[in-house]
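Let's walk through this one together, one stop at a time.

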Amino acid sequence: MIRIVNGNARSRNPQAIDEMFRLRKRVFHDFLKWDVKTEGDWEIDHYDQANPLYVMSYSPETGRLRGSLRLLPTLGPNMLDDTFPILLGDNPEIRSASVWESSRFCIEPEISQDRSSNQVTVAAAELMCGVGELSLASGISHIVTVTDVFLERMFRRMGCPGERIADPQRIGSVYAVAIAWEVSRKLLETMKAVAAIEGTVLERPMSLETARAA
């Protein structure tokens, strides 16, 4: 199940927000050893002050948070244009009301290290399907992201390869790349088929308008 919370509603969803920021710290700071800002048990940065939408996947069996990502409009502050413009190559900045950025994509480490199950694909696909359903309901044409080449390969296995905006660049300890997906019903159906997901993944029908007003 996918739950979406907007940044301005953090105070009304304290448990969900706490779990998400703790998960991000476990993944990006503790597990991947990235140079990210932390506050206690949270990984949080200044983009979290820009009223993002948080997309969170919960296990239907346990109710536990198993993955999350952050959505930001490219008309405002975003990581690709403002922090990693090198990944645009010779292309101009991406500033469009119909293009949103996904960032801080992460899966619970206990799941990601369980090689005996398909939970990683299911949790990751559910997050991407949640973005797809929200985007189709809102007129979003493309989703862009900054990721590493390892996650790029995982997206391919999930049936959503996307297109590289420019060549990968070494940033810190990883090779990073900017990816763009064109939002379509076909892409959403392909991802659901790969992960054997039936029906909607959203907790309730939602568009950007209703998500940002909630």
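This is a predicted model: local features need pLDDT of at least 70, side-chain atom pairs count only at pLDDT 80 or more; totals for chains, interfaces and linings use all residues.

Residues are numbered from 1 along each chain as its sequence is written, and side-chain values use heavy atoms, with hydrogens and water left out.

Start at helix H1, residues 14-31. Helices here are DSSP runs of H or I with at least four residues, strands are E runs of at least two, and both are numbered from the N terminus. H1 has 18 residues and spans 24 Å from first C-alpha to last, close to the 26 Å expected at 1.5 Å a residue; that expected span is 1.5 Å times one less than the number of residues. Now colour H1 by burial, where buried means under 20% relative accessible area, exposed means over 50%, and partly exposed is in between (1.4 Å probe, protein chains only). Among the buried residues of H1 are Ala-16, Ile-17, Met-20, Phe-21, Val-27 and Phe-28. As a reminder, an α-helix has 3.6 residues a turn, so residues three or four places apart point the same way.

Step off the end of H1 and you meet Lys-33, with a positive phi near 65°. Lys-33 sits in the loop between H1 and strand E2 (38-39), and its side is open to solvent in the accessibility sense: 63% relative accessible area, so exposed.

Which other residue has a positive phi although it is not a glycine? Arg-104, at about 55°. Arg-104 belongs to strand E6, residues 99-107, and is buried at 11% relative accessible area.

Next, look at Thr-145 in strand E7 (residues 142-148). Thr-145 is buried, with 6% relative accessibility. Its side chain comes to 2.6 Å from the backbone oxygen of Ser-102. Leaving aside residues up to four places away in sequence, Thr-145 touches Ser-102, Ser-103, Val-177, Ala-178, Ile-179 and Trp-181, where contact means heavy atoms within 4.5 Å.

Asp-82 is the other polar stop, in helix H2 (residues 79-82). Asp-82 is partly exposed, at 39%. The side chains of Asp-82 and Arg-95 are joined by a polar contact of 2.7 Å. Such a contact is a pair of N or O atoms within 3.5 Å; within protein, one must be able to donate a hydrogen and the other to accept it, and residues adjacent in sequence count only if both atoms are side-chain atoms. A polar atom of the Asp-82 side chain also lies 2.9 Å from the backbone nitrogen of Asn-78. Beyond four places in sequence, the neighbours that Asp-82 touches include Tyr-47, Gly-76 and Pro-77.

Last, the cysteines. How many disulfides does a search of the whole structure find? The count is 0, with a disulfide taken as a pair of cysteine sulfur atoms within 2.5 Å. For Cys-106, the nearest cysteine sulfur is that of Cys-160, 16 Å away, and Cys-106 is buried at 1%. The sulfur of Cys-129 is 8.0 Å from its closest counterpart, in Cys-160, which is too far for a bond. Cys-129 is buried as well, at 0%.
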